Amino acid sequence: MRTRDHRSGRSAAPSAAPSVVVTCELTLVAQTVAAALGHRGVPTTSVPWWMLAASLRTGRNDLVDPALLRRADVVLLIGDLASGSVLRDMRELGPACRRPWVVMSDAAEGPEWGGALEAGARAVLPGSTSLAGMVEALQVVARGGTPLTARKRADLVHSWRRLDERRHDLRDRLQSLSPREEQVLGMLYEGTTVSEIAGRLAVSETTVRSQVRAVLRKLGVDSQLAAVAALRELRQAGEGH
């Protein structure tokens, strides 16, 4: 099992130092953060995210020892909230983990933070959080609290729900496109011009322009740039075609 304990006698443990499992898709990042927390006297173990996720999904004890999570007070997940995959994994795996989550992400404070909170995170920290700030947040969560005010949490979750509703509507609109309209939108996304699309598809530019107008109408946007931006948003969130 490729987990790593991080202990250090260089500084005294903070009062009621929580036991933390640090996980990230980038193993070196998890190890680096875990080592830094260890130097602050926080009992910490780093686990590659793929390994923890697979263990929670399958219940395989040969990947991550269940006792590791039982001993942990908090799971610190370092991930890219903007990608969408982190939120999906949290919604799926949070109940199986049975430990409070703190998420650290470079995503700007906004709807994605609310998505993490709704998926079960007790707190979301920006990637620029100082080590002292990280330790303080982990201590609060380990005691059953959250560093967020109730109003801040409600505002973030509300902003996420609005974004999620808009994306759901956009997904439905994309699914209403015909196969040819979807193909044309994909070519516009790649930067292909109308004349180039006509040449590739062996149709007239008039036909392509008609298909583009149909795409704009079905997506509820008024320009090719807006249509491409809509597709880009869903793809970045891991939901586009």
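Where pLDDT is low, the predicted coordinates should not be read in detail. For the chain, the mean pLDDT is 89, with 92% of residues at 70 or more. Residues are numbered from 1 along each chain as its sequence is written. Local features need pLDDT of at least 70.

Helices (H or I, at least four residues) and strands (E, at least two) are DSSP runs, numbered from the N terminus. Strand E5 (residues 101-105) pairs with strand E6 (residues 121-126) in the parallel sense, over five bridges; strands count as paired if DSSP finds at least two bridges between them. Met104 has Leu125 of E6 as its bridge partner.

Turning to the helices, H2 (residues 49-58) passes H4 (residues 85-97) in a left-handed crossing (the near helix turned anticlockwise from the far one by less than a right angle). Trp49, Ala53, Leu56 and Arg57 are the residues of H2 in the contact, meeting Asp89, Glu92, Leu93, Ala96 and Cys97 of H4.

Definitions and conventions. This is a predicted model: local features need pLDDT of at least 70, side-chain atom pairs count only at pLDDT 80 or more; totals for chains, interfaces and linings use all residues. Side-chain values use heavy atoms; hydrogens and water are left out. Axes are lines fitted to C-alpha atoms, for helices over the stretch in contact, and angles run from 0 to 180 degrees between N-to-C directions. Contact means heavy atoms within 4.5 Å. pLDDT is the predictor's confidence in each residue, from 0 to 100.
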